[in-house]
Amino acid sequence: MKLGFIGCGNMAKAMLGGILKNGVCRKEEILASARTQASREKTADDYGIRVTGDNREVAQYADVIVLAVKPVFYEEVIRQIRDVTDEKKIMISIAPGKTLAWLEEKFEKKVKLVRCMPNTPALVGEGMTGVCGNDAVTDQEMEEVLGILESCGKAEVLPEHLIDVVVSVSGSSPAYVFLFIEAMADAAVADGMPRAQAYRFAAQAVLGSAKMVLETGKHPGELKDMVCSPGGTTIEAVRVLEEKGMRSAVIEAMKACVAKGRQM
């Protein structure tokens with residue numbers, strides 16, 4: 001498989017690291033483009049792949065092309081490459097708000113399109129990506145795309161109308177979790193724990209809790225109840241969180257995230 005990346009930002013690098021680590025593609029089969037010479041040189045040094053400053057070169061070379069530029073640059077990039085793409089190439093978009101219909105309109109022809117929403121934990125191999133494709137993408141081709149995306153975490157196919165929900169529940173949610181970890185660490189520091197240690201304790205607690213949800217298959221509420229002993233410290237903390245509206249705040253934040261995504 002000849003794989004191309006247009007753009008070499010954090011998400012592209014996360015995918016490249018996973019792809020090479022898991023042997024999805026050999027480095028000799030990958031070509032990536034970036035605007036600046038500094039970015040190209042760093043990408044080549046870090047991953048040992050070929051790089052270029054020409055987006056058209058990537059589009060001509062690759063069988064599967066990842067559009068890894070910021071959403072604001074999508075229209076410009078598609079305009080540059082659309083006449084050197086054909087119906088055999090698979091285009092993977094990672095931009096929020098850019099629908100399959102919008103992408104097809106900009107290409108001005110029928111192309112194989114896959115839209116996905118990854119998240120930054122892909123940088124440490126624990127990403128979660130929602131994926132959908134247009135009717136030109138075969139089941140076998142979708143499996144190939146999933147193989148690429150799962151090299152840096154988990155990926156699931158879902159209907160396109162849920163992609164904006166994916167943005168809120170996994171794409172943007174690391175920011176909510178980081179806020180929670182920071183707040184827990186601040187509280188621990190206020191009670192005397194050194195900050196670096198507080199971050200480790202808070203982050204490991206979140207990591208372990210998430211793993212329990214995934215590996216036990218138990219409802220989060222059941223797992224919460226297991227920690228809340230009658231008259232104990234945990235139920236007192238939960239009482240205060242409920243009193244301060246934590247659950248409602250999270251829901252409202254995610255609904256705002258979905259609404260913003262649909263406006264982009």
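Contact here means heavy atoms within 4.5 Å. Helices (H or I, at least four residues) and strands (E, at least two) are DSSP runs, numbered from the N terminus. The model is predicted, and local features need pLDDT of at least 70, side-chain atom pairs count only at pLDDT 80 or more, while totals for chains, interfaces and linings use all residues. Residues are numbered from 1 along each chain as its sequence is written, and side-chain values use heavy atoms, with hydrogens and water left out.

The protein chain has 12 helices and eight strands. Its C-alpha trace spans about 70 × 40 × 30 Å along the principal axes. Of its 264 residues, 40% count as buried, where buried means under 20% relative accessible area, exposed over 50% and partly exposed in between (1.4 Å probe, protein chains only). Among contacts between residues at least 6 apart in sequence, 62% join residues at least 24 apart.

The eight strands form an open sheet with mixed pairing, in the order S3-S2-S1-S4-S5-S6-S7-S8. Strand S3 (50–52) and strand S8 (153–157) are at the edges with a single partner strand each, so one side of each has no neighbour in the sheet. From one strand to the next, the twist averages 25 degrees. Two strands pair if DSSP finds at least two bridges between them.

Strand S1 (3–6) and strand S2 (residues 30–33) run parallel and are joined by four bridges. In this pair, Phe5 stands opposite Ala32 in S2. In a regular strand the side chains alternate between the two faces of the sheet. Both faces of S2 are covered, with Ile30 and Ala32 buried on one side and Leu31 and Ser33 buried on the other.

Ser33 is also one of the residues touched by Asn55, the others being Ile6, Val77, Gln80 and Ile81, not counting residues up to four places away in sequence. Asn55 is found in helix H3 (residues 55–61). Its relative accessible area is 16%, so Asn55 is buried.

Met117 stands opposite Gly130 in S7. S7 also pairs with S8, in the parallel sense and over five bridges. There, Val131 stands opposite Val157 in S8. Five of the seven residues of S7 are buried, so S7 is largely enclosed by the rest of the structure.

Axes are lines fitted to C-alpha atoms, for helices over the stretch in contact, and angles run from 0 to 180 degrees between N-to-C directions. Helix H6 (residues 139–149) lies across S1, strand S4 (64–67), S5, S6, S7 and S8, and runs at about 160 degrees to S7. Helix H5 (residues 100–107) packs on the sheet and touches strand S5 (90–93), S6 and S7, with its direction at about 140 degrees to that of S6.

The loop between H5 and S6 contains Glu108. Phi of Glu108 is near 60 degrees, a positive value in a residue other than glycine. Glu108 counts as exposed because its relative accessibility is 59%.

Two packed helices are described by the angle between their axes and the distance between the axes. The axes of helix H4 (residues 74–81) and H5 come within 9 Å and cross at roughly 45 degrees. H4 and H5 are therefore oblique to each other; angles under 35 degrees count as roughly parallel, over 145 as roughly antiparallel, 65 to 115 as roughly perpendicular and the rest as oblique. H4 passes H5 in a right-handed crossing, which is the case if the near helix is turned clockwise from the far one by less than a right angle, anticlockwise being left-handed. On the H4 side the contact has Tyr74, Glu75, Ile78 and Ile81, which meet Trp102, Leu103, Lys106 and Phe107 in H5. By class, this contact of H4 with H5 has six nonpolar, no polar and two charged residues. Ala, Val, Leu, Ile, Met, Phe, Trp, Tyr, Cys and Pro count as nonpolar, Asp, Glu, Lys and Arg as charged, and the others, Gly among them, as polar.

A further helix pair is formed by helix H8 (residues 173–190) and helix H9 (residues 195–216), whose axes come within 8 Å and cross at roughly 135 degrees. That angle makes H8 oblique to H9, and their crossing is right-handed. Residues in the contact include Phe180, Ile181 and Met184 of H8 and Tyr199, Ala202 and Val206 of H9. By class, the contact of H8 with H9 has 12 nonpolar, no polar and three charged residues.
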